[in-house]
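Each label put on a structure rests on a cut-off.

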Amino acid sequence: MNRDKIGVIHGRFQGFHNGHLEYLLAGKSRCDHLVIGITNFLCTAKSERISSIDNHRLTAHANPFTYFERMEMIRLALLENNVKESAFSIVPFTIEQPEQLFNFVPRNAVYYITIYDDWGREKLRILKELNLNVDIMWERTEDQKPVSGTLVRARIRSGEDWEQLVPKSVAQYIKEHNLEAAVKNNA
């Protein structure tokens, strides 16, 4: 398989879990440099496009972690998995305002996505409307999703074991920075 020079991947990453890690490592295996875009980076996105498909993504309950916290979780997880810091960048990704996207990411990259639901299909449509080179790495049903941020946050809130759902470095970061409280306070 030919490797792309620059790949772009994106997600909300609220919080970063093992399914996200699978996604990022699959993207990184296809390119020399991976640009990782964090959506809803201000945690205040308002978008009719999103809310008409999945309003949950816009609630405080579903967005307890800041951009910086998510960026650190991603960075630590990739370093833990032997991805060199020079091989990736982490930036905001304005999928909710696609007209702003190229302030943060290059046009000439390959955009890797995965699809699990209607929101995934809508993101594909948005990227295609922008005439971007999109590579669908896989399409799975919700039942085939290995883990979700919703599950991780629910387990943190209920006091159940959540640490095996996230990379070790992410669990350590969440605990060291008392971010379990942020999740519980956004209940």
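Q: What describes the packing of H3 and helix H6 (residues 168–176)?
A: H3 and H6 pack at an angle of about 145 degrees, with their axes 8 Å apart. Axes are lines fitted to C-alpha atoms, for helices over the stretch in contact, and angles run from 0 to 180 degrees between N-to-C directions. Helices (H or I, at least four residues) and strands (E, at least two) are DSSP runs, numbered from the N terminus. This is a predicted model: local features need pLDDT of at least 70, side-chain atom pairs count only at pLDDT 80 or more, and totals for chains, interfaces and linings use all residues. Residues are numbered from 1 along each chain as its sequence is written, and side-chain values use heavy atoms, with hydrogens and water left out.

Q: What is the handedness of the crossing where H3 passes H6?
A: H3 passes H6 in a right-handed crossing. A crossing is left-handed if the near helix is turned anticlockwise from the far one by less than a right angle, and right-handed if clockwise.

Q: Which residues of H3 and H6 meet?
A: From H3 come Phe-68, Glu-69, Glu-72, Met-73, Leu-76, Ala-77 and Glu-80. From H6 come Lys-168, Ser-169, Val-170, Tyr-173 and Ile-174. Contact means heavy atoms within 4.5 Å.

Q: How do H1 and H3 cross?
A: Their axes come within 11 Å and cross at roughly 65 degrees. H1 passes H3 in a right-handed crossing. Leu-21, Leu-24 and Leu-25 of H1 make the contact with Ile-74, Ala-77 and Leu-78 of H3.

Q: What makes helix H1 (residues 18–28) mostly covered?
A: Of its 11 residues, 8 are buried. Buried means under 20% relative accessible area, exposed over 50%, partly exposed in between (1.4 Å probe, protein chains only). Among the buried residues are Gly-19, His-20, Tyr-23 and Lys-28. The buried residues of H1 pack against strand S1 (4–11), strand S2 (31–38), H3, strand S4 (110–115) and strand S5 (133–139).

Q: Which residues touch the most other members of the largest nonpolar core?
A: They are Phe-16, Leu-24, Ile-36 and Ile-74, in a core of 39 residues. H3 gives the largest share of this core, 5 residues. A nonpolar core is a set of buried Ala, Val, Leu, Ile, Met, Phe, Trp, Tyr and Cys residues joined through side-chain atoms within 4.5 Å. Apart from this core lies another, of 17 residues, among them Phe-93, Tyr-111, Trp-119 and Leu-132.

Q: What does Phe-16 touch, not counting residues up to four places away in sequence?
A: Its partners are Leu-21, Leu-24, Met-73, Ile-74, Ala-77, Val-166, Pro-167 and Val-170.

Q: Why is the pair of Glu-85 and Arg-75 called a salt bridge?
A: The N to O distance is 3.9 Å. A salt bridge is a side-chain nitrogen of Lys or Arg within 4 Å of a carboxyl oxygen of Asp or Glu, so the pair qualifies. By this rule the count comes to 10 salt bridges. Glu-85 lies in the loop between helix H3 (67–80) and strand S3 (88–92) and Arg-75 in helix H3, so the pair ties together parts that are 10 residues apart in sequence. Glu-72, Arg-75 and Glu-85 are linked in a network of salt bridges.

Q: Why is Arg-75 called partly exposed?
A: Its relative accessible area is 21%, which puts Arg-75 in the partly exposed class. Glu-85 is also partly exposed, at 44%.

Q: How do you know that Asp-118 forms a salt bridge with Arg-121?
A: The closest N and O atoms are 2.9 Å apart, so the pair meets the cut-off. Asp-118 and Arg-121 are 3 residues apart in helix H4 (residues 118–129), separated by about one helical turn.

Q: Is Glu-122 buried or exposed?
A: Glu-122 is buried, with a relative accessible area of 11%. Its side chain meets that of Arg-125 in a salt bridge (2.7 Å, N to O). Arg-125 is partly exposed, at 35%.

Q: Why does Arg-12 count as buried?
A: Its relative accessibility is 14%, so Arg-12 counts as buried. Arg-12 is found in the loop between S1 and H1.

Q: What makes a polar contact with the side chain of Arg-12?
A: The side chain of Asn-63 does, at 3.1 Å. A polar contact is a pair of N or O atoms within 3.5 Å; within protein, one must be able to donate a hydrogen and the other to accept it, and residues adjacent in sequence count only if both atoms are side-chain atoms. The backbone oxygen of Ala-62 lies 2.7 Å from a polar atom of the Arg-12 side chain.
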